[in-house]
Amino acid sequence: MDNVRKLRVAIVGAGASGIMAAKKLRDVGVTDVVLFEKADDLGGTWRDNTYPGLACDVPSHLYRYSFAPNPDWSQRYASGAEIQAYLKGVATRHGIDRLIQYSSEVIEAVYRDGQWRIRTTRGDQGAFDVAITATGVLHHPVYPDIEGLKEFQGPAFHTARWDHSVGLQGKRVGIIGTGSTAAQILPAIIHEVEKVSLFQRTAQWVMPQPNAPISEERKARYRADPKSMDQKYQELAQVFNGTFCAALAGENAEVYESMAKACRGNLDSVADPVLRARLTPDYKMGCKRLIISDRFYPAIQQPNAELVTTKISHVEAGGVRTTDERLHELDCIVLATGFDPHRLFRPMMVTGRNGKVLSEVWADGNLAYRAIAVPNFPNFFMLGGPHSPIGNFSFLMTVERQLAYVLQLVSLLQSGSAREISPGSAATEAYNHALREKVAGSIWASGCRSWYMDKNGNVASYPWSFEKFERDMQAPLLEDFELA
């Protein structure tokens with residue numbers, strides 16, 4: 001062990017993936033670790049999002065670290081507050097909270113003399129042997145380009161910046177957007193507000209899944225028998241990744257049709273044929289991220305809910321004006337307009353070997369080798385990088401597989417087998433060529449516009465099955481890397 005190189009590692013982000021990275025690095029003997037966090041608390045998306053009705057759309061017992069089972073989840077799909085508390089608990093138990101430098105956004109990372117120089121909003125942070133980005137994909141809110149939005153006289157805020165000082169009781173609320181967030185907020189507020197106007201640009205497919213509470217008896221059984229929790233984890237992984245996500249990847253046509261039938265059956269629960277027609281998508285199920293809810297359709301059919309499908313013209317002092325000249329009078333506007341998942345860790349500037357700037361390399365789209373690394377950026381690794389399995393997968397499972405792969409590369413640096421590791425350009429191009437070919441025939445390229453697509457029309461989702469992803473992450477193909 002005396003020959004083990006002592007590495008200093010910078011982790012960008014203290015959300016779910018950053019916490020995991022720090023814990024796993026310490027497990028393999030890398031103790032000099034700093035997590036740089038732009039906010040004043042950990043948790044990432046689960047810190048930022050606190051809107052009414054917030055819950056994960058991946059089952060609780062699958063959306064967790066494999067090394068930290070939780071017998072006390074209260075419901076099938078955990079609330080955001082529960083997940084945030086879980087992440088804080090894991091960070092505290094493993095001493096990760098003491099490694100975090102808060103209110104320290106990384107502005108620049110420059111590779112110089114075999115190390116990464118990190119500069120944050122607090123200044124120069126020195127040199128690191130390895131840089132790992134763990135910024136997630138849903139943390140840059142997208143604000144709609146709607147004329148007059150600043151003219152509105154009532155409160156208006158993005159769902160990721162929820163203003164809890166604004167009471168909604170008896171108010172007329174406008175929700176702009178109809179994705180997963182809007183589908184959770186509407187049922188959560190419908191019975192306390194005077195009216196909700198839901199402004200829909202695109203209809204969504206909705207999979208009915210009740211969010212049932214987990215009984216105290218089951219929690220007690222999990223506490224008494226941790227192996228039963230692991231069994232549940234494996235069962236859910238098989239159903240979710242091996243079946244559900246394989247269907248979306250085009251590798252299980254029978255399950256896909258079963259899912260599509262369930263969505264169509266759920267839509268049939270809308271009694272009014274006119275409303276049902278307006279809620280019917282004109283694209284294939286799965287082209288956009290699937291919404292998981294058994295509460296959305298009942299909520300939109302309430303007498304104080306209105307689905308607005310006429311295009312928004314502009315916002316004015318009293319509400320939203322649609323192109324039919326109708327003014328929808330509102331007391332509050334909620335922007336459920338999602339995030340830009342393609343910015344990743346930007347605006348952080350990353351400069352690699354020979355002065356290469358990553359934002360310039362990625363000018364036509366984010367490209368990486370197996371979502372992990374980029375040629376000419378040595379010892380720079382990404383968790384949740386371009387074309388990672390995201391969306392209707394368990395992001396924690398994705399990141400855990402990626403991290404195990406990265407740690408095998410880090411071990412080469414620890415042992416002295418290499419001082420620099422980066423993927424070769426030919427291997428990276430070959431991987432992305434195969435990826436582009438598979439994506440072209442995928443459900444995500446079947447004719448809808450979704451957040452899986454970047455501004456250049458590139459589909460940024462992972463087009464294969466989760467099983468293939470797991471196989472690919474088992475061990476690096478060292479012939480694809482440049483070691484120095």
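**Close-up views of a predicted model**

**Figure 1. Strand S4 and its two neighbours.** In this predicted model, Ala-109 has Val-350 in S18 as its bridge partner. The contact belongs to a parallel pairing of S4 with strand S18 (residues 349–351), which extends over three bridges. Strand S4 (residues 106–112) also pairs with strand S5 (residues 115–120), here in the antiparallel sense and over six bridges. The strands S4 and S5 form a hairpin, and two residues lie between them. In the turn, Asp-113 has a positive phi of about 55°.

**Figure 2. The disulfide of Cys-287 and Cys-448.** A disulfide is a covalent bond that joins the sulfur atoms of two cysteines. The structure holds one such link. It is formed by Cys-287 and Cys-448, whose sulfur atoms are 2.0 Å apart. The link of Cys-287 and Cys-448 is left-handed, with -100° about the S-S bond. Cys-287 is found in the loop between helix H8 (273–278) and strand S12 (291–292), while Cys-448 is found in the loop between helix H12 (425–440) and helix H13 (466–472), so the pair ties together parts that are 161 residues apart in sequence. Cys-287 counts as buried, at 0% relative accessibility. Cys-448 is likewise buried, at 8% relative accessibility.

Figure 3. Two sulfur atoms count as a disulfide within 2.5 Å. Cys-263 counts as buried because its relative accessibility is 0%, and the limit for a buried residue is under 20%. Cys-332 is buried too, with a relative accessible area of 1%.

**Figure 4. The salt bridge of Asp-129 and Arg-5.** A search of the whole structure finds 25 salt bridges. In one of them, Asp-129 is joined with Arg-5, and the closest N and O atoms are 3.2 Å apart. The pair links distant parts of the chain, 124 residues apart. Asp-129 is in the loop between strand S6 (123–128) and strand S7 (130–133), whereas Arg-5 is in the segment before strand S1 (8–12). Asp-129 counts as buried at 8% relative accessibility, and Arg-5 is buried with a relative accessible area of 15%.

**Figure 5. The salt bridge of Lys-88 and Asp-41.** The side chains of Lys-88 and Asp-41 form a salt bridge with an N to O distance of 2.9 Å. The pair connects distant parts of the chain: Lys-88 belongs to helix H3 (residues 80–93), and Asp-41 to the loop between strand S2 (32–36) and helix H2 (45–48), 47 residues apart. At 36% relative accessibility, Lys-88 is classed as partly exposed.

**Figure 6. The salt bridge of Arg-326 and Glu-306.** Between the side chains of Arg-326 and Glu-306 there is a salt bridge of 2.6 Å, N to O. Arg-326 lies in the loop between strand S15 (319–322) and strand S16 (327–329), and Glu-306 lies in strand S13 (residues 305–308), 20 residues apart. Arg-326 is partly exposed, with a relative accessible area of 35%, whereas Glu-306 is buried, with a relative accessible area of 18%.

**Figure 7. A network of salt bridges.** Three residues take part in this view: Glu-37, Arg-47 and Asp-48. They are linked in a network of salt bridges.

**Figure 8. The second largest pocket.** About 350 Å³ of space lies in this pocket. Its lining has 25 residues, and those nearest the centre are Asn-366, His-387, Asn-458, Val-459 and Ala-460. By residue type, the lining of the second largest pocket divides into twelve nonpolar, ten polar and three charged residues.

**Figure 9. The largest cavity.** The structure has six cavities of 30 Å³ or more. The largest cavity holds about 50 Å³ of space. Its lining consists of Arg-370, Ala-371, His-387, Pro-389, Tyr-431, Tyr-462, Phe-469, Asp-472 and Met-473. Six of these lining residues are nonpolar, one is polar and two are charged.

Conventions. Residues numbered from 1 in each chain as written. Predicted model: local features only at pLDDT ≥ 70, side-chain atom pairs only at ≥ 80, totals over all residues. Heavy atoms only, no water. Helix = DSSP H or I, 4+ residues; strand = E, 2+ residues; numbered from the N terminus. Buried < 20%, exposed > 50% of the residue type's maximum accessible area, 1.4 Å probe, protein only. 1 Å grid on protein atoms, 1.4 Å probe; cavity = no way out; pocket = protein on both sides within 12 Å on 5 of 7 lines; lining within 4 Å. Points joined across faces, edges and corners; volume = space filled by probe spheres on them. Nonpolar A, V, L, I, M, F, W, Y, C, P; charged D, E, K, R; others polar. Salt bridge = Lys/Arg side-chain N within 4 Å of Asp/Glu carboxyl O. Pairing = 2+ DSSP bridges.
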